[in-house]
Protein chains: 2
Amino acid sequence: MNTGKLVVIGGDAAGMSAASKVRREHPDREIVVFERGRHTSYAACGMPYFIAGQVESSDRLIARRPEVFREKQNIDVRTLHEVLQIDTEQRRVQVRELEQDATFWEDWDHLLIATGASPIVPDLPNIDADGIFSLSTLQSGIEVFEYVENRSPKKAVIVGGGYIGIEMAEALLERGLEVALIDMAPEVMVSMDADVAESISQAMRDAGVRVFLREKLERFETDANGTLRAVVTDRQTLEADLVILGIGVRPNAELAEAAGIDLGANGAIKVNKRLETSVPRIWAAGDCAESFHLVKERQVFIALGTVANKHGLVAGINISGGTMEFPGVLGTAITRFQDLEISRTGLSASEAEEIGIPFRARTVDALTRSHYFPGTAKVKVKLLAEEATGRLLGGQIVGGTGAAKRIDTIAAAITAGLTAEQLVYMDLSYAPPFSPVWDPVQTAARTLL
Amino acid sequence: MNTGKLVVIGGDAAGMSAASKVRREHPDREIVVFERGRHTSYAACGMPYFIAGQVESSDRLIARRPEVFREKQNIDVRTLHEVLQIDTEQRRVQVRELEQDATFWEDWDHLLIATGASPIVPDLPNIDADGIFSLSTLQSGIEVFEYVENRSPKKAVIVGGGYIGIEMAEALLERGLEVALIDMAPEVMVSMDADVAESISQAMRDAGVRVFLREKLERFETDANGTLRAVVTDRQTLEADLVILGIGVRPNAELAEAAGIDLGANGAIKVNKRLETSVPRIWAAGDCAESFHLVKERQVFIALGTVANKHGLVAGINISGGTMEFPGVLGTAITRFQDLEISRTGLSASEAEEIGIPFRARTVDALTRSHYFPGTAKVKVKLLAEEATGRLLGGQIVGGTGAAKRIDTIAAAITAGLTAEQLVYMDLSYAPPFSPVWDPVQTAARTLL
């Protein structure tokens, strides 16, 4: 078994999960982690709630600090260290220590690339203006928080109606801002179908968010000091002193590409199921790497914290000499806008069409609890099944308290290759405070039969 | 296809689901339902919440009234009609119309027995005293409600720490009563293991319920008028002016037995997967019939509303000439005590031991949401997997808001025969308001590896 030195590039979910797993398996192995930022293992998904003021301190978002990794796990985590290049021949990386601006080479026997993903920032006039933010690192979240605290912006424009956009709309409303959201697509939440997603944009409008769909960001206007003043779209000019960009992420694969490591889906680092790259002893995990999609049956780029953690565990097992394959993803995701819960898994109808799988889809309106039970709320469930076999392909849920976590039942059924009929007869839990006697996902499945 | 006259005995979940399904398939077929009570299709599971005052009227518990079945679905529902015997030779049932006390015979071509289950009432001194109740029909729930309203009892004793006992403890606390609960077992909720269930009895004690375990009910004391005064156990005498019996149910199979129809598990009516009894053209569904247990791989008696509805649908399909097999049950159930959510599915450790399947079990303490997210609560998850294969056998969950419905994910995984490892890598949903990055059920699964 190879127990040589492990170097990890990137100290967040995937990198630190892998390093921790290797440490558990090999108590004496040398493990070095280079992280270009100040923080390790932080909960990027918690940033909107921190900005909203629902989490008392950004420190709470940090799962484990560098010094804890160093002291408790003997993992040599070096923050503010940026890897500049990977030398696959001599098995070494070139590193810049950012505070001293010193550069050095570090050898490795195994290398894990866990460089994450970065927000897409469009190349538009005045994109660098003061007041325009995207959310990526914990530091970027702290900057938005401080801007809201210190500059008291009044009018926010959110660009992009995905998870970040929806969560930041909630956060900024909570901070008392006027919020507008623009999206090029016909509906928010492009990973869902419009017949379900329209409930989300409706809830946002009901809460006072001005939602502008099919509208394209063109540029930003600033005042003489270079401070943001307005957002200009192809239809209008929106006054703004805060802009949040939430138009997607791209994998941080430049280092890998420069080293001759193959790239795959959407420019993510190509990996096999053991998370090995095209170069021996070099592994990739988390948002920078591709994943196998269990329904699409192809490699995809999906940047999500859950996947990054699982990638890290799988890479850690394999780097420790084990044999573990990462089975794949369904693109399961969940969020909320205020009291409206939102989730999806597997294929949307538009994805199924794109792939060319003949399918049936039904959307039902049901209730989260028994109809007579206090707090029962509307829930919309959409299910997709393969036309020929009835095999479940995907699900989408939008509804009140308790609605959205049901997506996991659908995810489990899809993972196992179950049909809509098998879901109908599945022994799911029922009691009036939790569900109608036919769970909403089963009601949806019944309409598919 | 046989489209002859269908007679259904019993107008609750199973019977009316089947009748409705047959009506949808055969718009002109003659369908007669005999129900000995006043009500059809009511939510028995809602009664504790009605008694608690959380549901404004018992009418709200009725999903569909007899006149609606008659007028909208052309189903001839006759309430206050008790079937006295089944004549399997001449294909007829003898019926007593209870209001007029008139008896008549009704022919059938297909017969569905959906007679439900009845609470077990121990044969103890003064068991008939005023103030002693069990919950079964909607009428029985109304009687408890009226007793609480009109007689203002002060001290309740609940016998049995199962679902009814736990729910009625919450309900009676809410009505301002002092509540004691006695159970013969070492812990409440015998369908769960003690290491998980102890959290439930602890929560009940914290809420002021006096919980007495390993204590046996012996008799009741009454005053000179025959009104309940106290409950006597093998250890003490507890003052009481209200007693709720929740010590289980038995299938109402006497009619079937008297007609020579085979009985099966625990005295429930023996059925095959199509829900046919041992006599051709006679079907049984719901709480009076047995079900196949998917993990025990044997017939069992499980009386639950979800199962009754599914039974009704399957029986209805088959009576309509279709071919549908009821796959089976896992014993999935959910309830709550105040804010503490409780659920289970598949085998408990004691059931696995009884059956003799070598297994591993782990119980973990986790959180319902991200650790930094407001409202995060403790959750305990127990998982069982087969020792040899890792195949999941059962799960139990006790925890705060949002904890218990996760049991459905485990139920789906068990239904599909997935292993603990497959659950670990399953693409479940994550966002800070809903889950830690590793869902608690996955954290439990990881400890099993």
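Start by selecting B:D365, which is exposed, with a relative accessible area of 60% (exposed means over 50%, buried under 20% and partly exposed in between, with a 1.4 Å probe and protein chains only). This is a predicted model, in which local features need pLDDT of at least 70 and side-chain atom pairs count only at pLDDT 80 or more, while totals for chains, interfaces and linings use all residues. Residues are numbered from 1 along each chain as its sequence is written, chains are lettered from A in the order in which they are written, and side-chain values use heavy atoms, with hydrogens and water left out.

Next select B:E351 and B:K296, whose side chains meet in a salt bridge at 2.9 Å, N to O. B:E351 is buried, with a relative accessible area of 17%.

Then show both chains and turn to their contact (heavy atoms within 4.5 Å), which takes 62 residues from chain B and 62 residues from chain A. Within chain B, select B:Y372, B:Y425 and B:D427, which supply 16% of the area that chain B buries against chain A, more than any other three residues (buried area is the accessible area, with a 1.4 Å probe, that two parts lose on being put together, summed over both).

Finish at A:D439 and B:K405, which form a salt bridge with the closest N and O atoms 2.6 Å apart; across this interface the rule finds two salt bridges.

Definitions and conventions. A salt bridge is a side-chain nitrogen of Lys or Arg within 4 Å of a carboxyl oxygen of Asp or Glu.
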